[in-house]
Amino acid sequence: MERRTTERLLRARAQAIGDGVREDSVAAVLGRVLAVQAQDLPAAELGLRVRARGLTQDAVRLATDTERTAVRGWFMRGTLQLVPAADARWLLALFGPLYLALAARRLRELGLDEALCTRSERLIADAIAVEGPLTRAQLTDRLTTLGVEAKGQSAFHLIRRAALAGRICHGPQRDGDATFVLLDDWLPATGPLPYTGEAAVRELARRYRAAHGPSDALDFVHWSGLKTTTGKNAWAALRDTPAEAPPAAGEPDVRLLPAYDNYLVGYRSRDLSVPAEHERRVWPGGGQIRATVVVDGLAVGTWSGGRRGTPVKVEPFPGTEPLSPAVAAGIARESADIARFST
């Protein structure tokens, strides 16, 4: 088997989107891949579904809203991710200071000085302590009492700052909206952090390599958002692992990945997952990453719909060969599973 094809198949298997691999629960999916992209929460839920067997939306909400075994926050690259609750605090300790420092300039550009930021953080925490979980809109309303504009990005950046500082985190959904809760109430500390400093970066590198198949230090740097030297040093400290046997040939494994999926953002190069001539159909610009049909880890088209009972609509890449009966059957199974999951 050609080396690049083998690498793609191994990556798909590591990400639980190929070789028939599916996990049995939210905890098992996150235990395998560590993080699922979550800037779009419905897409994050579908990112769990596509890696699982028979997962329901209720099971996802149970994990995030009741059992608190999965938590949403700003971690790798400063973007929203769903991660195991057991890993949230050491990941926040690693990334929080980094993105607080990077956010300082934007706060100044918005006219938010350090004194106002400090007062805002205290107001946010006090409001949640008294009133319970609050949505972004509700917190924005409270922040206007400090002179923060209700429109624009100021309130969002102040809320994000409080989360990066470890004061608050995402809590249960309310009528489809995310809420924020006090981190120490939602995820009480149970002892010292399991990883700190360089050990935390090495653990992150280890987890990345296990979840992303054949990859290198620069892939890890791209995925994590850490400085190149930091990422390379952590990568070099990892022990070598035996090469995995490539998946055996069989029926094509078809998956409908949601928008912004991990598999499409986890490497510095896209050439193994999406043919170069079709990149713009997956990455049309403006920060968008479209929902994608992949077969054995290779994108063959995009898809839309699937929410609130709307049917899934697949658009194969133009100029490509017609989908085989086996792939068409796989798409039909995935479409039916999305409908099941979303109802």
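The structure described here is a predicted model.

Between strand 2 and strand 3 (residues 80–84), the antiparallel pairing extends over five bridges. One position in this part of the model is V71, whose bridge partner in strand 3 is V83.

## A position in helix 5

A104 is found in helix 5. With a relative accessible area of 26%, A104 is partly exposed, because that value falls between the 20% limit for buried residues and the 50% limit for exposed ones.

## Helix 1

Helix 1 covers residues 3–14 and has 12 residues. From its first C-alpha to its last, helix 1 reaches 16 Å, close to the 16 Å expected at 1.5 Å a residue. After helix 1 comes A16, which has a positive phi near 60°.

Helix 1 is mostly covered, as nine of its 12 residues are buried. These buried residues are T6, E7, R8, L9, L10, R11, A12, R13 and A14. The elements against which they pack are helix 2, helix 10 (197–212), helix 11 (217–224), helix 13 (262–265), strand 8 (292–295) and strand 9.

## Helix 8

Helix 8, formed by residues 154–164, is also mostly covered: 10 of its 11 residues are buried. The buried set comprises S154, A155, H157, L158, I159, R160, R161, A162, A163 and L164. Their cover includes strand 2 and helix 5, together with helix 6 (114–131), helix 7 (136–143), strand 5 (168–174) and strand 6 (177–182). G166 follows helix 8 and has a positive phi, near 85°.

T302 is placed in strand 9, which spans residues 298–304. The relative accessible area of T302 is 11%, and the residue is therefore buried, the cut-off being under 20%. Leaving aside residues up to four places away in sequence, T302 touches R281, V282, R290, A291, T292, V293, K313, V314, E315 and F317. Strand 9, where T302 lies, is also among the elements against which the buried residues of helix 1 pack.

## The largest pocket

The largest pocket holds about 430 Å³ of space. Its lining is made up of 15 residues, and R209, G213, T241, P242 and E244 are those that lie nearest the centre of the pocket. Helix 10 gives the most to this lining, contributing five residues. Helix 10 is also one of the elements that pack against the buried residues of helix 1.

Conventions:
Residues are numbered from 1 along each chain as its sequence is written. This is a predicted model: local features need pLDDT of at least 70, side-chain atom pairs count only at pLDDT 80 or more; totals for chains, interfaces and linings use all residues. Side-chain values use heavy atoms; hydrogens and water are left out. Helices (H or I, at least four residues) and strands (E, at least two) are DSSP runs, numbered from the N terminus. Buried means under 20% relative accessible area, exposed over 50%, partly exposed in between (1.4 Å probe, protein chains only). Contact means heavy atoms within 4.5 Å. Two strands pair if DSSP finds at least two bridges between them. The expected span of a helix is 1.5 Å times one less than its number of residues. On a 1 Å grid over the protein atoms alone, a cavity is a set of points where a 1.4 Å probe fits but cannot get out, and a pocket is an open set with protein on both sides within 12 Å along at least five of seven lines; lining residues have an atom within 4 Å of a point. Grid points are joined across faces, edges and corners, and a volume is the space filled by probe spheres set on the points.
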